[in-house]
Amino acid sequence: MNGPPLECQLGDPSRVIDLRPRFDNVGADTPAVPCPVFLARERDPEVDALRAGLWRLGIPSLRAGLDTPVLVDDEGLRCDGMRPTVVWLRHLSPRAAPEHPATGVRRYRNDAWRALLGQLALCAGAPVLGTGPGLLHQLATARDLGIRVPRTLVTTHPATDVDRLPSARVVAKALDSHAVEAAPGLLAAAFARIAPRDEVRAWPRQAPLVLQEYVPHSTELRVYHLRGELHAFRVVKDSPEALWLAEETVEVTACPVPPPVATATRRLAEALGLTYAAFDFLLDGSREPVFLEANVTGDWRWFEHRAGTRAVTRAAVAMLARLHQAAGGTRVRPLSLL
């Protein structure tokens with residue numbers, strides 16, 4: 001599917017995703033007792049589902065954003081005066097903060113928030129989900145573990161460097177997040193592209209982006225790892241961006257996790273220190289899976305909806321309830337209520 005290079009996508013209104021609030025929060029947003037905290041934008045269906053599940057188990061929770069009073073002291077993190085039992089960082093972008101007329105102030109605030117969010121795992125004083133190493137670290141770890149990965153390079157000049165890859169088609173994708181919250185609640189997206197080599201030779205210089213060899217495959221799997229528990233979906237789509245821009249064309253089916261994929265997922269999760277992540281794999285007909293990446297904030301509700309299941313949501317709520325109780329939180333009702 002032809003389309004613009006990644007950076008050029010950001011100015012296309014058809015690729016802007018509206019995430020402004022549509023849902024009411026679940027339960028009180030200022031609990032009086034230590035509880036799970038979600039550092040998240042206001043509209044996040046995953047957080048809504050998790051908070052509803054925790055509420056059924058008798059566990060209050062807090063959704064905190066950029067306007068929530070935050071303090072880090074010798075004992076860890078406080079949000080609105082309360083210490084969390086577990087923290088889940090989900091899609092909280094400093095760019096969603098209210099605009100300031102001075103460019104210097106905007107950039108200073110952005111950098112300050114990025115610094116804090118990037119160090120949560122060290123300063124929270126509680127288990128932290130939603131943070132982890134970036135793509136290059138992940139791929140290097142996979143190679144060290146003997147797990148197959150696509151040949152990959154990062155470049156600011158794709159037109160010349162694309163010839164370093166062996167395949168006639170390549171995958172171009174963002175080195176960091178593929179979406180930019182340029183205005184509060186509105187995501188401008190630069191979706192991954194599968195492009196022929198000749199097309200990439202015409203691309204302009206740009207910010208660092210990832211080019212990977214295209215791996216022919218029979219199956220694409222999205223595997224959710226939740227503290228060792230695994231749930232998988234088989235995904236069939238015409239292009240990477242179809243998940244966002246043509247979702248009616250995407251087929252999603254819940255499926256068992258093939259043993260080689262399960263082994264690779266658990267080994268990677270342990271080596272990368274990930275309690276939760278969404279792992280993407282390709283199967284090319286051999287028994288050896290090809291690891292693409294682990295998304296530490298990977299969404300799952302859309303996949304569940306398409307596949308007619310709530311297995312990941314139930315597993316995520318149960319995982320949070322156990323982490324909350326292990327941290328000395330409120331007594332949990334039986335997990336069978338999920």
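Which helix gives the most to the lining of the largest cavity? In this predicted model, the answer is helix α3, residues 103-118, with 3 residues in that lining.

**The cavity**

A search of the whole structure finds 1 cavity of 30 Å³ or more, and the volume of the largest cavity is about 30 Å³. Its lining is made up of Leu39, Val70, Leu77, Trp113, Leu116, Leu117 and Leu120. By residue class, this lining divides into 7 nonpolar residues, with no polar and no charged ones.

**The protein as a whole**

The secondary structure comes to 11 helices and 18 strands. The protein has 338 residues, of which 48% count as buried. Among contacts with a separation of 6 or more, 71% are made by residues 24 or more positions apart.

**The open sheet**

Four strands form an open sheet in the order β3-β2-β6-β7, and their pairing is parallel. The strands β3 and β7 (128-129) stand at the edges with a single partner strand each, so one side of each has no neighbour in the sheet. Strands of a sheet pair through backbone hydrogen bonds, in either a parallel or an antiparallel sense. Between β2 and β6, the parallel pairing extends over 5 bridges.

**An antiparallel pair**

Strand β8 (residues 152-155) and strand β13 (residues 209-213) run antiparallel and are joined by 4 bridges. Within this pair, Leu153 stands opposite Leu211 in β13. Strand β8 has two faces: Leu153 and Thr155 form the covered face, whereas Thr152 and Val154 form the uncovered one.

| Strand pair | Sense | Bridges | Named residue pair |
|---|---|---|---|
| β8 and β13 | antiparallel | 4 bridges | Leu153 and Leu211 |

**Helix α2 and its surroundings**

Helix α2 (residues 45-56) contains 12 residues. From its first C-alpha to its last, α2 reaches 17 Å, close to the 16 Å expected at 1.5 Å a residue. Which residues of α2 are buried? They are Glu46, Val47, Asp48, Ala49, Leu50, Arg51, Gly53 and Leu54.

Notes:
Residues numbered from 1 in each chain as written. Predicted model: local features only at pLDDT ≥ 70, side-chain atom pairs only at ≥ 80, totals over all residues. Heavy atoms only, no water. 1 Å grid on protein atoms, 1.4 Å probe; cavity = no way out; pocket = protein on both sides within 12 Å on 5 of 7 lines; lining within 4 Å. Points joined across faces, edges and corners; volume = space filled by probe spheres on them. Nonpolar A, V, L, I, M, F, W, Y, C, P; charged D, E, K, R; others polar. Buried < 20%, exposed > 50% of the residue type's maximum accessible area, 1.4 Å probe, protein only. Pairing = 2+ DSSP bridges. Expected span 1.5 Å × (residues − 1). Contact = heavy atoms within 4.5 Å.
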